[in-house]
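These are my notebook entries on a structure I was asked to look through. I record each item as I looked it up.

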Amino acid sequence: MTELAGALTSRLRTLWGPAAEVAEIRPMPGGASRESWDVRVRLAGDGLADSTERRLILLRDAGGRARTPQRNVAVEAAAMIAARAAGVPVAELFDHGEGALGRAYLLMERLDGETIPRRLLRDDAYAAVRPGLAHRLGEVLARIHQIDPDEIPGLLRVDALGQLTELYQGFAEPRPALEIGLRWLREHRPLPIADTLVHGDFRTGNLMVGADGLRGVLDWELTHRGDPRQDLGWLCTKAWRFGSASPVGGFGPRADLMAGYAAGGGTPPDDPTQRWWELYGTVRWALLCRSQAERYLSGAEPSVELAVLGRRVCEQEYDVLLALGHAKPLTVQDPLEDREYPPVRPHDRPSGPGLLRAVRDFLATEVTGADPVLKFHARVAANALRIAEREALLAPAHEQAHRERLAALGCHDDAALCAAIRDGSLDHRSGEVAEAVTATVVDKLTVANPAHLALPG
């Protein structure tokens with residue numbers, strides 16, 4: 001941290017003169033793809049502001065993370081600048097680059113407000129502003145989509161469905177539920193429309209909101225050239241409702257979003273097209289979770305957050321099946337509730353699972369203090385222990401049931417079932433296939449997050 005503060009001070013003095021100095025720099029929680037730092041800068045007689053102090057946000061690539069062609073910090077910066085000029089609420093960008101701070105980075109003003117979805121969707125402080133947000137977000141997306149993509153040098157065009165298919169195939173990991181989703185997307189793809197600038201990650205969690213409304217659109221890392229309807233579908237993807245029944249990021253109805261989009265000069269998609277892009281978003285988030293987990297599985301980043309993301313893929317698999325009518329919300333009791341573990345002789349008490357419970361309770365309730373990053377990762381670690389404990393209880397029965405389901409369909413493994421879903425050779429038994437795949441995903445979710453099964457579609 002001291003080294004980063006020194007490098008940042010040096011860079012700020014290049015930008016703003018010798019009076020600039022980093023007074024404080026603190027890591028911020030959240031964000032699996034890169035680091036976030038809260039920075040307090042002391043200025044003296046620089047003429048930049050009335051105050052002698054500025055609050056900034058530094059975003060920097062996580063260590064060991066390779067940049068892909070789509071993740072280009074110069075393109076991201078150009079998109080932010082163009083959006084701000086077009087009237088989109090975006091933080092003022094002061095600097096960006098690849099080498100001055102050791103890794104790719106962006107340095108911008110700190111916006112005041114809230115981004116945490118749980119607070120935005122439930123706290124009384126935002127009760128008055130929530131009803132108007134769906135309409136407002138539609139207006140803002142329309143502004144983004146009216147920016148000429150040719151204004152952004154180096155902006156890549158992304159074939160949305162082709163990108164997903166390539167990502168899925170790259171894992172060489174058969175997932176029948178995603179095969180069902182990808183096949184449906186291929187067979188029902190809407191007709192193309194003209195390319196625009198696409199934000200790429202416009203959702204609750206990347207929106208800064210205050211008591212007076214939307215204050216900032218954050219995280220332009222995935223911006224690209226493509227179909228603007230991707231942003232509308234992504235905002236309404238079930239994962240970004242955070243348990244709310246309101247489809248537009250948990251804030252309101254689709255009709256409000258589309259009315260705002262039209263008021264801002266956009267052309268709203270019809271309902272089937274919007275639903276296609278929402279299902280696309282669910283498959284996309286499944287694959288992005290799996291992609292993030294690969295950074296842990298490959299040994300590149302020993303992060304408990306990345307590890308647990310690997311167990312969130314099944315949430316999206318269930319949501320795919322839910323959206324296509326193969327599943328419905330159901331209530332499953334958490335296997336850990338009110339459970340007592342008998343002693344295993346000759347070992348003493350508490351038992352092994354009892355020790356897991358003690359550690360997860362410690363992480364969830366006793367790891368406190370001023371460090372928000374530590375508290376966040378402690379909660380994630382506690383969740384990881386819950387998953388491990390459920391799996392230890394249920395894995396043998398789940399494995400046997402999975403074998404029996406595959407055998408009943410004439411498939412020796414998941415790869416064979418995926419091949420049959422792709423080529424249609426089991427279409428005459430499609431109901432049985434959907435039932436078997438759904439049952440398997442329910443088992444996975446019973447271990448990973450049983451509460452997710454009850455969430456509405």
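I began with A211, which I found in the loop between β7 and β8. I note that the model is a predicted one. Beyond its neighbours within four places in sequence, A211 is in contact with A125, Y126 and V129. I also looked up the separation of A211 from V367: the two are 156 residues apart in sequence, and their C-alpha atoms are 31 Å apart in space.

Entry 2, the strands on either side. I next recorded that β7 and β8 form a hairpin, with two residues between them. Strand β7 covers residues 207-210 and strand β8 residues 213-217. The two pair in the antiparallel sense, over four bridges. I looked up V209 and found L214 as its bridge partner in β8. Which way do the residues of β7 point? L207 and V209 point one way, M208 and G210 point the other way, and all are buried. In a regular strand, side chains alternate between the two faces of the sheet.

The largest nonpolar core has 47 residues, and I asked which of them touch the most other members. They are F202 and W220. For W220 I listed the contacts, leaving aside neighbours within four places in sequence: E76, A79, M80, A83, V88, V90, I144, L197 and H199. A second, separate core holds 25 residues, and F171, L185, W276 and C418 are included in it. In soluble globular proteins, nonpolar side chains tend to be buried together.

I then examined helix α6 (residues 176-187) and helix α9 (residues 271-297), whose axes come within 10 Å and cross at roughly 145°. The crossing of α6 past α9 is left-handed. On the α6 side, the contact is made by L178, G181, L182, W184 and L185. On the α9 side, W276, L279, Y280, V283, A286 and L287 take part. I sorted the contact residues by type and recorded ten nonpolar, one polar and no charged.

R229 is found in helix α7 (residues 229-235). R229 counts as buried because its relative accessibility is 9%, where the limit is under 20%. Apart from neighbours within four places in sequence, R229 is in contact with P190, L191, P192, I193, P269, T273 and W277. H398 is found in helix α13 (residues 372-408). At 18% relative accessibility, H398 also counts as buried. Not counting residues up to four places away in sequence, H398 touches D443 and V447.

I looked for cis peptide bonds and noted one joining R345 and P346, with omega about 10°. Another joins R349 and P350, with omega about 0°. P346 lies in the loop between α11 (313-323) and α12 (352-365), and P350 is placed in the loop between α11 and α12 as well. I then noted positive phi values. D219 has a positive phi of about 55° although it is not a glycine, and its place is in the loop between β8 and β9 (224-226). With a relative accessible area of 21%, D219 is partly exposed. F242, in the loop between α7 and α8 (254-263), has a positive phi near 50°. F242 counts as partly exposed, at 31% relative accessibility.

Terms used. Residues are numbered from 1 along each chain as its sequence is written. This is a predicted model: local features need pLDDT of at least 70, side-chain atom pairs count only at pLDDT 80 or more; totals for chains, interfaces and linings use all residues. Side-chain values use heavy atoms; hydrogens and water are left out. Axes are lines fitted to C-alpha atoms, for helices over the stretch in contact, and angles run from 0 to 180 degrees between N-to-C directions. A crossing is left-handed if the near helix is turned anticlockwise from the far one by less than a right angle, and right-handed if clockwise. Contact means heavy atoms within 4.5 Å. Ala, Val, Leu, Ile, Met, Phe, Trp, Tyr, Cys and Pro count as nonpolar, Asp, Glu, Lys and Arg as charged, and the others, Gly among them, as polar. A nonpolar core is a set of buried Ala, Val, Leu, Ile, Met, Phe, Trp, Tyr and Cys residues joined through side-chain atoms within 4.5 Å. Buried means under 20% relative accessible area, exposed over 50%, partly exposed in between (1.4 Å probe, protein chains only). Two strands pair if DSSP finds at least two bridges between them.
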